[in-house]
Amino acid sequence: MRPLHVVIAALALVACAGAAPAPAPPPAAVVPVAPTPGVESSGAVSPPAADAAAAPVALNPDAGGLGTGNVDAGAIVSGSDASATTESACNEQAPQDFLVRGNFLRGGVAARERAIQYRTDTYGYFKGFGHAPADAQPPSHYVVETKFMDLPVRMHRKVVPALACVEEEIKRSCADHPYKAHALAGIRFRNTYRGGEVTNHIYGIAIDVDPSINTCCGCVKPWNDAPACQKPAKTEYDRMAMPECWVHAFERYGFYWLGHDVLRDTMHFEFLGDPDRILKNPPSKETSPDVARTGDVR
Ligand SMILES: [Zn+2]
């Protein structure tokens, strides 16, 4: 292992940024998904009970009545019926480099602060990270309930259209690699990183797909104890149940796959593209479905 990797791994020994896992979060519940087997930087596995107790709506007074919108990701992309003949309403885009974890960790304090402030300004202020704008709201204020591949998940409303784009792409491109997801985890209300980092789940822009069968071999136990982490594999694609095709579908629309990171967190995707560029013709604020349905036009 190169020294750089040692540093990065030490900084982050985390939880899979995504190892959240309680299988499927109850769709209607407001209580956040507690990262069950606490995958924390200390390397210690926190007792699930402690985690659950610490994952609290109480820390997020806003969470209660705010994540009430219900937006079907599949409904956002107008005119998309997944047929090859329909022109997609989606822009392809790459993750923004300065938001990629491996990049800002290599870039030092200034790079980390820049990445945090962008997320604060774009998705909301999470206490303890970044500088709050005057009218700051927490990311939980912008949460909506949506669906991805027929499963419920709660995400920041700005990235819901991107999930719809990915779903469209999967249906178009991955028919030869059938895969049925069973559990998703989106926004989280407690930071599962330590050491100055903050997980993108906090901002509602990260999603885990089937945490129990898509491994995180660079995380702490129990994630790195998974049988798939013990056997030889050419790439991380070989250690997960999800088809590689899904990864490329996410990547085409601005999501970064944390399987590329030293964490090797294969379940985890985070939207690092520009939310204003997701759709070719974004709806105006007044007519945006998520705004209309949440009744919140701010
Ligand atoms: Zn994750």
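Pro222 is placed in the loop that runs between β7 (206-209) and α8 (227-230), where helices (H or I, at least four residues) and strands (E, at least two) are DSSP runs numbered from the N terminus. The structure is a predicted model, in which local features need pLDDT of at least 70, side-chain atom pairs count only at pLDDT 80 or more, and totals for chains, interfaces and linings use all residues. Residues are numbered from 1 along each chain as its sequence is written.

Most peptide bonds are trans, and most residues other than glycine have a negative phi. The bond joining Lys221 and Pro222 is a cis peptide bond, with omega of about 5°. The loop between β7 and α8 also holds Asp210, a residue other than glycine whose phi is positive, near 45°. Asp210 has 22 other C-beta atoms within 10 Å and is therefore buried; a residue is buried if 20 or more other C-beta atoms lie within 10 Å of its own, exposed if 12 or fewer, and partly exposed in between, with C-beta atoms placed from the backbone.

Asp150, in the loop between β4 and β5, likewise is not a glycine and has a positive phi, of about 70°. Asp150 counts as exposed because it has 10 C-beta neighbours inside 10 Å. Strands β4 (residues 143-148) and β5 (residues 151-156) pair in the antiparallel sense over six bridges, pairing being assigned if DSSP finds at least two bridges between two strands. They form a hairpin with two residues between them, and Met149 in the turn has a positive phi of about 50°. Within the pair, Glu145 stands opposite Arg154 in β5. Val143, Glu145 and Lys147 point one way from β4, whereas Val144, Thr146 and Phe148 point the other way, and all are buried.

Helix α7 (residues 160-173) and helix α9 (residues 244-252) pack at an angle of about 140°, with their axes 9 Å apart; axes are lines fitted to C-alpha atoms, for helices over the stretch in contact, and angles run from 0 to 180 degrees between N-to-C directions. The angle makes α7 oblique to α9, since angles under 35 degrees count as roughly parallel, over 145 as roughly antiparallel, 65 to 115 as roughly perpendicular and the rest as oblique. In this packing, Val166, Glu169, Ile170 and Ser173 in α7 meet Cys245, Trp246, Ala249, Phe250 and Arg252 in α9, contact requiring that the C-beta atoms of two residues, placed from the backbone, lie within 7 Å.
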